[in-house]
Amino acid sequence: QVNLIESGGGLVQPGGSLRLSCATSHRAFTTSTMGWFRQVPGKEREFVAAISWSGRNTTYASSVKGRFTIFRDNDNYRVDLQMDRVTPEDTAVYYCNGGTKMYSGQPGDFWGQGTQVTVSS
């Protein structure tokens, strides 16, 4: 079983920044593409960003490209999402995903429990 634990969510003002983290203790992390997804009530979960196992390749949804950055630290089994210049439309529950399909944006089989991000003044 792969445990993915997100942290860093909260309330942020429009135009502000927030950094989400996803931690795992599973060794498979270091050879897996990892991703972030988000979901708002009544809508399907949507792809946000993905990063290859090496960290050399990244992809982003068009809605966040240029504002969000995905990082990974394989030594510490962690993947972060830096969110800058956030807008109210970024309000959602954010989920870490293991095994994300790098270029299709389809999720892998492993999910965290989610962390709420609320953008509001």
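Visitor: Is Y95 buried or exposed in this structure?

Guide: The model is a predicted one. Burial is read from relative accessible area, and a residue under 20% counts as buried. Y95 has a relative accessibility of 13%, so it counts as buried.

Visitor: What are the relative accessibilities of F37 and W111?

Guide: F37 has 2% relative accessibility and counts as buried, whereas W111, with a relative accessible area of 30%, is partly exposed.

Visitor: What is the geometry of the rings of Y95 and W111?

Guide: Their centres lie 6.2 Å apart and their planes meet at 85°, so this pair is edge-to-face. Here too distant parts of the chain are linked: Y95 belongs to strand β9 and W111 to strand β10, 16 residues apart. Through ring pairs, F37, F47, Y95 and W111 form a cluster.

Visitor: Which rings does R45 lie over?

Guide: The charged end of R45 sits over the ring of Y95, 3.6 Å from its centre. R45 also lies over the face of W111, at 4.5 Å from the ring centre.

Visitor: How many disulfides does a search of the whole structure find, and which residues form a disulfide?

Guide: The search finds 1 disulfide. C22 and C96 form it, with their sulfur atoms 2.1 Å apart. The pair connects distant parts of the chain, C22 in strand β3 (residues 18–23) and C96 in strand β9 (residues 92–98), 74 residues apart. Both cysteines, C22 and C96, are buried.

Visitor: Why is the disulfide of C22 and C96 called left-handed?

Guide: The torsion about its S-S bond is about -80°, so the disulfide is left-handed.

Visitor: Where is T115, and what is it in contact with?

Guide: T115 is placed in strand β11 (residues 115–119). Its relative accessibility is 11%, so T115 counts as buried. Leaving aside neighbours within four places in sequence, T115 is in contact with residues including E6, G9, L20 and Y94. A polar atom of the T115 side chain lies 3.2 Å from the backbone nitrogen of G9.

How values were computed
Residues are numbered from 1 along each chain as its sequence is written. This is a predicted model: local features need pLDDT of at least 70, side-chain atom pairs count only at pLDDT 80 or more; totals for chains, interfaces and linings use all residues. Side-chain values use heavy atoms; hydrogens and water are left out. A disulfide is a pair of cysteine sulfur atoms within 2.5 Å. Helices (H or I, at least four residues) and strands (E, at least two) are DSSP runs, numbered from the N terminus. Buried means under 20% relative accessible area, exposed over 50%, partly exposed in between (1.4 Å probe, protein chains only). A polar contact is a pair of N or O atoms within 3.5 Å; within protein, one must be able to donate a hydrogen and the other to accept it, and residues adjacent in sequence count only if both atoms are side-chain atoms. Contact means heavy atoms within 4.5 Å. Rings of Phe, Tyr and Trp (its six-membered ring) pair if their centres lie within 6.5 Å; planes under 30 degrees apart count as stacked, over 60 as edge-to-face and the rest as tilted. A charge sits over a ring if NZ of Lys or CZ of Arg is within 6 Å of the ring centre and within 35 degrees of the ring normal.
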